[in-house]
Amino acid sequence: MPTTPTLRTRLQQAACDYAHLADWPLVPGSVWTGAEYTRGHTDRPAGEFEPVFPRPTRDVRRVHSLWKIAPYSVLAPTGTAFDVISVPLAIGVAATRTGPFRRLIAPTSLSPDRIRFLVRPGIPLAPDLPFAELSTHGECVPLPPTPVPGGALTWWVSPATTDWQPGDSLSVQAALRAAVDLLQPCSR
């Protein structure tokens, strides 16, 4: 999925919005070419969500400039503004329909195969959620509209809905438990 002028504009605008409205630190990252991740200006292979500059920034003018020269993806380091709980798509969608999630919603991004919940940092995952992955301590995670295999990230629950605040990790984890119970076939 090579970046088109429209996608480059969308990535730059989204990055500026995240820096301005949420005060999230951001960095441009590797680009999905449709076959592999590369470093953007070169054909050199890259890691899945690899920053192409050394330091994230919250400065809107700097964000605007960085995405003008490297409009490949929008990455945010975890551990400061938020952590991310990532789960397979079916479980994540089911979790957003449960009471624990509806009472305390969290910004939630959707990719073709996963859902990522942005939660307040510092809470570990419970051991009874082996299907969930926690990104924390500076790991870079993609934000919409970053291209990924099979499409691009979109917001399932926009951060504007939560006033740009991350959700409660324990509520998301409770919603994931409830979702697993909903998806289990009835035993008789």
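**Note on the predicted model**

1. In helix 1, Leu-11, Gln-12, Ala-15, Cys-16, Ala-19 and His-20 meet Val-60, Val-63, His-64, Trp-67 and Lys-68 of helix 2 (contact means heavy atoms within 4.5 Å; helices are DSSP runs of H or I with at least four residues, strands runs of E with at least two, numbered from the N terminus). Seven nonpolar, three polar and one charged residue make up this contact (Ala, Val, Leu, Ile, Met, Phe, Trp, Tyr, Cys and Pro count as nonpolar, Asp, Glu, Lys and Arg as charged, and the others, Gly among them, as polar).

2. This is a predicted model: local features need pLDDT of at least 70 and side-chain atom pairs pLDDT 80 or more, while totals for chains, interfaces and linings use all residues. Residues are numbered from 1 along each chain as its sequence is written, and side-chain values use heavy atoms, without hydrogens and water.

3. An open sheet of three strands runs in the order 1-4-9 with antiparallel pairing (two strands pair if DSSP finds at least two bridges between them). Its edge strands, each pairing on one side only, are strand 1 (27–28) and strand 9 (140–143). Strand 4 (residues 74–77) is joined to strand 9 by four bridges, and Pro-77 stands opposite Cys-140.

4. The peptide bond between Pro-144 and Pro-145 is cis, with omega about 5 degrees. Pro-145 is in the loop between strand 9 and strand 10 (147–148).

5. Asp-163, not a glycine, has a positive phi of about 55 degrees. Asp-163 is exposed at 58% relative accessibility, whereas Trp-164 is buried at 15% (buried means under 20% relative accessible area, exposed over 50%, partly exposed in between, with a 1.4 Å probe and protein chains only).
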